[in-house]
Amino acid sequence: MFALFILALIPLRSAYAVFDDDEACLLCHKYPRMTRVTEEGAIRSYYVMPEVYANTVHRNVPCRDCHTYIKELPHKPVKEGVRCDTECHSIKNPATGKPFSHEVIYNAYRDSVHGRDKNVEGIESDKPYCVTCHTNPIYDPNEAGPPEHVIGRCVLCHENEKFVVQWYKHTSRRIREVKRSPAEIVQLCASCHDDKKLVKRHMDQAEKEGRELGRKFPIAVKSYNESFHGKLTNYGYQDAANCLDCHAESDNYYKSVHEIRPSRDPLSPVHLNNKVETCRQCHRLADTNYAQLDPHPTALPGDGEFRHMAEFIYHIISVITIIGLVGLSMIETYGRRRDGVAFRLKQGTSWRRKSKRGRDRVI
Amino acid sequence: MKLSEEARDVLETSMRQNKVSEKDRNEIENLIVTLPDDRVLLYKNVVSNPIGDLERYSIHIRLQHMLTFVTFLTLAFTGLPILFFNAFWAEPFNSFLGGIEITRIIHRTIAVIMIFTMIYHILTITLGTLVRKKVGKFDIRRTMIPLKKDVYDFRDDILYFAGMRDQRPVMDKFMYKQKIHYFAAAFGNTVMIVSGSSFLFPEIWASILPEAYAAYFQELMRLSHPHEALLALLVIAFWHWYNVHLAPGRFPMQWTFLSGKITREHQIEEHFLEYLRNLVEVPEERQLLRDMLESREFVVESEALLNDLLATDEEGGR
């Protein structure tokens, strides 16, 4: 029975690759209670699950390729943290033969409005770092692998079936575009831009420095959610514009999402000079008139004054109309009830009550 | 019953337009004289079929009402979850209707049917008017066109309900309430079509409008579409359904929208001028009314009144 149990575990276990811990980091980090309490009272876990890490996109990167500041074991308390522009000495870029690095995209991010250093304090730390948006994604074990006939053909030259499967998955995932759904993109942007305290901190800081922020900066998420684009996206519709569809360039999307610029920057897709082209990505007939339409509409005073006034007038008209009509109905009910109309299923006539005005139905 | 000047004019116009014979004219006049002066007694005592007694709406109008009824509610149900996207019920309700991929298609398809209904209606009333004009039976008072009289009718009706007047005003085929409702619906439909098209074809609207107004127009349309829809829904819920379902005397339902007929008591109470036309155009109605009057006690009073009148005339003649 025990042997059967062990046998049953084998396929499960083999579904996960094994993490090669050549640097012996797991000596300590394999323990689930490898934690500490920060000065703010938060629990930080340093537990590494090898069977999980072994199925992530970074599975082939040894720990110290990123944690370069670890020079000895046991190591000293970490202060620097991982920078994502570090060169991986264990992974070569197959195109150039040089050590692999995220430096190109990292530099694009550093030049963007979101750019910041790894270790910063104060208001700068509100800005997102790489790991704010990017986790270390786990491969889906149920993800379709290459068909048998593809493996059969590839291994003729590449010999190693494991390599062929991994290469296929690596390439096909990127062809399939595994980017976030529109609703997830909005949610991600909203995690900062809808944080009222964070937004206020930046408004105050900009005011102090005499910097100009976009008119929609404090209401970017709220106004987007109230727009048609936002409503449809939040309902799961895939083709309505999300934040990145307008604030990043479609031509070089994957780089552009890392170099978001403020709308006053002439290189921003939502800069006054670029708006028509940006709108034309979806609205092919868009012209300069169209580009004037507000994609973040609100009726807030100070933002949409015209709409604010129009909405106020609409409210007044609506309230007067409803009160007037309900009042009319009430006085009619009172008058006709008093005159002898019955609230009952009709049997030829409705005049079945005694009128208070002295004129009743004869029969 | 002594007819008012306007009622007399409506009756004379109808008899002239229908080329009523002298015999029929006498019959109508005699019947009117026998009616009690107190119209309340008349509409309280006539016999009515709840399904309807007198023709009011043609099959075209009933069909248009049915199309409007179905399209309006469907448009409201598919549009409300978009307007109140934050409400707890919005997402489940939208999913129940098929999700945003489906509801947006339903909304637009039904909108096209609604526009078709409006065109169908405009054609119906335009052609109907032309035909009536051609055969010499057009009377503007019998249409939905608002007249000064409607303002007075509105005032007098309120006074009656408040107990400050003895009779409800003598109103025509379409009374002030129906005219308000009709034009509110016509205005609402127009606003919804224009604003809806500005969502569907924003580039076209922006390109045909002057640069200074394009953005304001779109803002106004974004505002008008949901507000007008909500206002229409509230008016339908609080007023139209009150008038046709809940109002005392109309409960639980008027069948007019299906049968095309109005009850006799309703016609006499709220559309007496049209009832006078019915007496001209429907000879059977005269006989039915006469039979009904004879079966009621107040006829005796009216006959006595008739005799008094005749006697007065004779004395005057001498």
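1. How many residues does helix α9 of chain A have, and how far does α9(A) reach from its first C-alpha to its last? This is a predicted model, by the way. Helix α9(A) runs over residues 182–193, so to speak a stretch of 12 residues, and spans 16 Å between its end C-alpha atoms. That is close to the 16 Å expected at 1.5 Å a residue.

2. Next, the buried side of that helix. P182(A), V186(A), C189(A) and H193(A) are the buried residues of α9(A). Because they cover an arc of only 70° around the axis, they sit on the same side of α9(A). Among what covers them are four helices of chain A: α10 (196–209), α11 (220–226), α12 (228–234) and α13 (243–247).

3. Over in chain B, have a look at a helix pair. Helix α2(B), residues 22–34, packs against helix α14(B), residues 283–294, at an angle of about 30°, and their axes are 11 Å apart. An angle under 35 degrees counts as roughly parallel, so α2(B) is roughly parallel to α14(B). The crossing of the two is left-handed.

4. Who makes that contact? On the α2(B) side it is E27(B), I28(B), L31(B) and T34(B), and on the α14(B) side R286(B), L289(B), R290(B) and L293(B).

5. Finally, the contact between the chains. Chain A puts in 48 residues and chain B 50 residues. On the side of chain A that touches chain B, the elements giving two or more residues are α12, α16 (288–291) and α17 (305–338). Helix α17(A) gives the most there, with 19 residues.

Methods
Residues numbered from 1 in each chain as written. Chains lettered and ligands numbered in written order. Predicted model: local features only at pLDDT ≥ 70, side-chain atom pairs only at ≥ 80, totals over all residues. Expected span 1.5 Å × (residues − 1). Buried ≥ 20, exposed ≤ 12 C-beta atoms within 10 Å, placed from the backbone. Arc of directions from axis to C-beta. Contact = placed C-beta atoms within 7 Å. Axes fitted to C-alpha atoms, helices over the stretch in contact; angles between N-to-C directions. Parallel < 35°, antiparallel > 145°, perpendicular 65-115°, else oblique. Left-handed = near helix turned anticlockwise from the far one by under 90°.
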